[in-house]
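Please read the following report alongside the sequence and the coordinates.

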Amino acid sequence: MNPTTPTPADDASQLAAFEARIAAGESIEPKDWMPERYRKQLTRMMSQHAHSEIVGMLPEGNWITRAPSLRRKLSLLAKVQDEAGHGLYIYCGTETLGVDRTELVDQLLDGRAKYSSIFNYPTLTWADIGVIGWLVDGAAIVNQTVLAKASYGPYARAMIRICKEENFHKRQGYEICTVLANGTPAQREMLQDAVNRFWWPSLMMFGPSDTNSPNSAELLKWRVKRKTNDELRQRFVNLTVPQAVALRITLPDPDLRLNSATGDWEFGEIDWSEFHAVVRGEGPCNRERLEARRTAHEDGAWVRAAATAYAAKQQGNGATVAA
Ligand code: FAQ
């Protein structure tokens, strides 16, 4: 046997030591030993997350040229730019697991990779921009605040930084909603329509119900996830209902009611057939989103070529390549 090949006994003891570290709340770092499944699960989840941030620029990017004032345009530009930064940051984190970013981007562009279902819905009015900040960033914060305690160090640290920016995004979105809610009847109507369209897709961001979530058990065992999909979804609903009440906006769910015994806002059944259709690529904008990413990738080829040539030239000169 090759002396570097771990024996089954080595594997078992390495696995036990790894799981003891997780149980003790230690952070796993890139050079630490980790089971192949842990590496695979993290690569899957982190790359999907990075793709979501990048594709997530498109629905809001659609409104940059049509923002109703210079102030709104500046903050929307900054927000969309932040999402690009989050995507690149998480791609870097994924690379610490030994995978090449080019391969991850290829998986996105040829349709093999998943990204969040929410970004396959269109942004039809300016109110959608407020509602995305309020609900979509709001949901992302609920999910990512918990991921900031994930067992994999680079991912957890990325989440801490990203959540700070997402909080700002949520506030700018909610502020847009507040202005519309206190505006003309037409503005209130536009806001209500946006909430009607984005409420259920926002709940779907948390993934399938716990009884139908094949990855959860492993991710919870290894403390990548610290809460289940349904627990986070419920937390989001509990936090959001009072915010809708403050806006005097109706959430489009006749079954929504407070359970005074548990303190939870109980909600109606999610349309899982819609969720699965969007994840399969059959949502209203899946095709358009991928097409936009492919075009952007092709248009950016000269930038990648120039950066590579510049790096090679600097190395040839013995100079340090700028990060
Ligand atoms: N859309 O077994 P589970 C943002 C897939 S960032 C599409 O429960 P898991 C910031 C799932 O991948 C939003 N696919 O999976 C922003 C799996 O497929 P696979 C993204 C979904 O991993 C704001 C299958 O279903 N955030 O919004 C979705 O345990 C504004 C079975 O599901 C993250 O990625 C979905 N909604 O739990 C940007 C956070 N849900 O790979 C711009 C990190 C599930 O087995 C503007 N990720 N699937 O073929 C997570 O927390 C988890 O991965 C979940 C899914 C909770 C998303």
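In this predicted model, helix α6 is largely enclosed by the rest of the structure, because 20 of its 22 residues are buried; buried here means under 20% relative accessible area, exposed means over 50%, and partly exposed lies in between, computed with a 1.4 Å probe on protein chains only. Helices (H or I, at least four residues) and strands (E, at least two) are DSSP runs, numbered from the N terminus. Helix α6 covers residues 126–147 and reaches 31 Å from its first C-alpha to its last, close to the 32 Å expected at 1.5 Å a residue, where the expected span is 1.5 Å times one less than the number of residues. The helix α6 also has a kink of about 35 degrees, centred on Ile132; the bend at a residue is the angle between axes fitted to the seven residues ending there and the seven starting there.

Residues are numbered from 1 along each chain as its sequence is written, and side-chain values use heavy atoms, with hydrogens and water left out. Because the model is predicted, local features need pLDDT of at least 70 and side-chain atom pairs count only at pLDDT 80 or more, whereas totals for chains, interfaces and linings use all residues.

Glu60 belongs to helix α3, residues 57–61, and counts as buried at 2% relative accessibility. The side chain of Glu60 makes a polar contact with the side chain of Lys79 at 2.9 Å; a polar contact is a pair of N or O atoms within 3.5 Å, where within protein one must be able to donate a hydrogen and the other to accept it, and residues adjacent in sequence count only if both atoms are side-chain atoms.

Helix α5 spans residues 101–109, and its residues Leu104, Val105, Leu108 and Leu109 are buried. Seen down the axis of α5, the buried residues fall within an arc of 135 degrees, so they line one face of the helix; the arc is that of the directions from the helix axis to the C-beta atoms. These buried residues pack against α2 (36–55), α4 (70–95) and α12 (286–299). At the N-terminal end, α5 is capped by Asp100, a side-chain oxygen of which lies 2.8 Å from the backbone nitrogen of Thr102. Following α5 comes Gly111, with a positive phi near 85 degrees.

In helix α2, Thr43 counts as buried at 16% relative accessibility. A polar atom of the Thr43 side chain lies 2.6 Å from the backbone oxygen of Arg39, and, not counting residues up to four places away in sequence, Thr43 touches Thr94, Leu97 and Val99.

Around the ligand there are 37 residues, and the closest are Gln48, Lys114, Ser117, Ser213 and Lys225; a residue is near a molecule if one of its heavy atoms lies within 4 Å of it.

| Residue atom | Ligand atom | Distance |
|---|---|---|
| Met205, polar backbone atom | nitrogen | 3.5 Å |
| Pro214, backbone N or O atom | oxygen | 3.3 Å |
| Asn229, polar side-chain atom | oxygen | 2.9 Å |

Asn229 is also one of the residues in contact with Phe206, among them Ala139, Val142, Leu232 and Phe236. Phe206 lies in the loop between α8 and α9 and is buried, with a relative accessible area of 6%. Phe206 and Leu232 are 26 residues apart in sequence and 7.0 Å apart in space, C-alpha to C-alpha. Ser209 is found in the loop between α8 (185–204) and α9 and is buried, with a relative accessible area of 18%; leaving out residues up to four places away in sequence, Ser209 touches Asp230, Arg233 and Trp272.

Most residues other than glycine have a negative phi. Arg223, in the loop between α9 (216–221) and α10 (229–247), has a positive phi near 55 degrees and is partly exposed, with a relative accessible area of 29%. Arg248, in the loop between α10 and β1 (257–258), has a positive phi of about 60 degrees although it is not a glycine, and is exposed at 51% relative accessible area.

Key: Contact means heavy atoms within 4.5 Å.
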